Amino acid sequence: MGLMRLSSLISILKCFSRFCSRKHHWDVPKGHLAVYVGEEQKRRFVIPISYLEQPLFQNLLSQSEEEFGFDHPMGGITLSCQEDLFNQLTTILHSL
């Protein structure tokens with residue numbers, strides 16, 4: 001009985017380690033999404049999905065779609081924006 005329990009525990013740990021090796025799935029809270037911003041080195045931001053309703057953010061998404069399309073190999077949306085401009089945009093959106 002103990003051997004059976006040990007083998008099931010090992011299989012659970014293997015599944016968990018595979019899940020954890022996926023990039024950042026577990027650290028995006030409900031109601032948020034991950035985006036990547038920057039020119040050369042992309043920095044990851046977690047933002048509220050409420051930003052998707054804002055016209056300023058929708059314009060940024062449209063520009064990013066033209067530049068990157070819908071292929072996002074990093075696991076989040078890649079935005080065509082400099083990091084400092086993105087910070088200014090999120091500050092504005094946060095105050096609305």
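The accessible surface of the protein comes to about 7300 Å², and 58% of that area belongs to carbon and sulfur atoms. The model is a predicted one. The protein has three helices and three strands, and from the N terminus on these elements run α-β-β-α-β-α. Of the 96 residues in the protein, 22% are buried. Among contacts between residues at least 6 apart in sequence, 44% join residues at least 24 apart.

**Nonpolar core**

- The largest nonpolar core has 13 residues. Those with the most contacts inside this core are Val35, Val37, Ile47, Phe57, Leu60, Leu79 and Phe86.
- The elements β1, β2, α2 and α3 each give two or more residues to this core.
- Phe57 is buried, as its relative accessible area is 1%, against a limit of under 20% for buried residues.
- Leaving aside residues up to four places away in sequence, Phe57 touches Ile47, Tyr51, Leu52, Leu79, Phe86, Leu89 and Leu93. In this set, Phe86, Leu89 and Leu93 are buried residues of α3, while Ile47, Leu79 and Phe86 are, like Phe57 itself, among the residues with the most contacts inside the core.

**Helix α2**

- Helix α2 covers residues 55-68. This helix has 14 residues and reaches 20 Å from its first C-alpha to its last, close to the 20 Å expected at 1.5 Å a residue.
- The buried residues of α2 are Phe57, Leu60 and Ser64. Seen down the helix axis, the buried residues of α2 fall within an arc of 55°, so they line one face of the helix.
- An α-helix has 3.6 residues a turn, so residues three or four places apart point the same way.
- The buried residues of α2 pack against β2, β3 and α3.
- Pro55 and Glu66, on the other side of α2, are exposed.
- Just after α2, Gly69 takes a positive phi of about 70°.

**Helix α3**

- Helix α3 is formed by the 13 residues 83-95. At 1.5 Å a residue this helix should span 18 Å, and its end C-alpha atoms are 19 Å apart, which agrees.
- Phe86, Leu89, Thr90 and Leu93 are buried in α3. Because these buried residues fall within an arc of 95° when seen down the axis of α3, they line one face of the helix.
- The cover over the buried residues of α3 includes the strands β1 (32-37), β2 (43-48) and β3 (77-79), together with helix α2.
- Thr91 and Ser95 are exposed on the other side of α3.

**Aromatic pairs**

- The structure holds two aromatic pairs.
- Phe45 and Phe86 are both buried.
- In the other pair, the rings of Tyr51 and Phe57 have their centres 6.2 Å apart and their planes at 55°, so this pair is also tilted. An angle over 60 degrees would count as edge-to-face, and one under 30 degrees as stacked.

**Loop between β1 and β2**

- Glu39 lies in the loop between β1 and β2. Glu39 counts as exposed because its relative accessibility is 59%, where the cut-off for exposed is over 50%.
- Glu39 and Ser80 are 41 residues apart in sequence and 7.4 Å apart in space, C-alpha to C-alpha.
- Lys42 also has its place in the loop between β1 and β2. With a relative accessible area of 24%, Lys42 is partly exposed.
- Lys42 and Glu83 are 41 residues apart in sequence and 8.6 Å apart in space, C-alpha to C-alpha.

Conventions
Residues are numbered from 1 along each chain as its sequence is written. This is a predicted model: local features need pLDDT of at least 70, side-chain atom pairs count only at pLDDT 80 or more; totals for chains, interfaces and linings use all residues. Side-chain values use heavy atoms; hydrogens and water are left out. Helices (H or I, at least four residues) and strands (E, at least two) are DSSP runs, numbered from the N terminus. The expected span of a helix is 1.5 Å times one less than its number of residues. Buried means under 20% relative accessible area, exposed over 50%, partly exposed in between (1.4 Å probe, protein chains only). The arc is that of the directions from the helix axis to the C-beta atoms. Contact means heavy atoms within 4.5 Å. Rings of Phe, Tyr and Trp (its six-membered ring) pair if their centres lie within 6.5 Å; planes under 30 degrees apart count as stacked, over 60 as edge-to-face and the rest as tilted. A nonpolar core is a set of buried Ala, Val, Leu, Ile, Met, Phe, Trp, Tyr and Cys residues joined through side-chain atoms within 4.5 Å. Accessible areas come from the Shrake-Rupley method with a 1.4 Å probe; for residues, only the protein chains shown count as cover.
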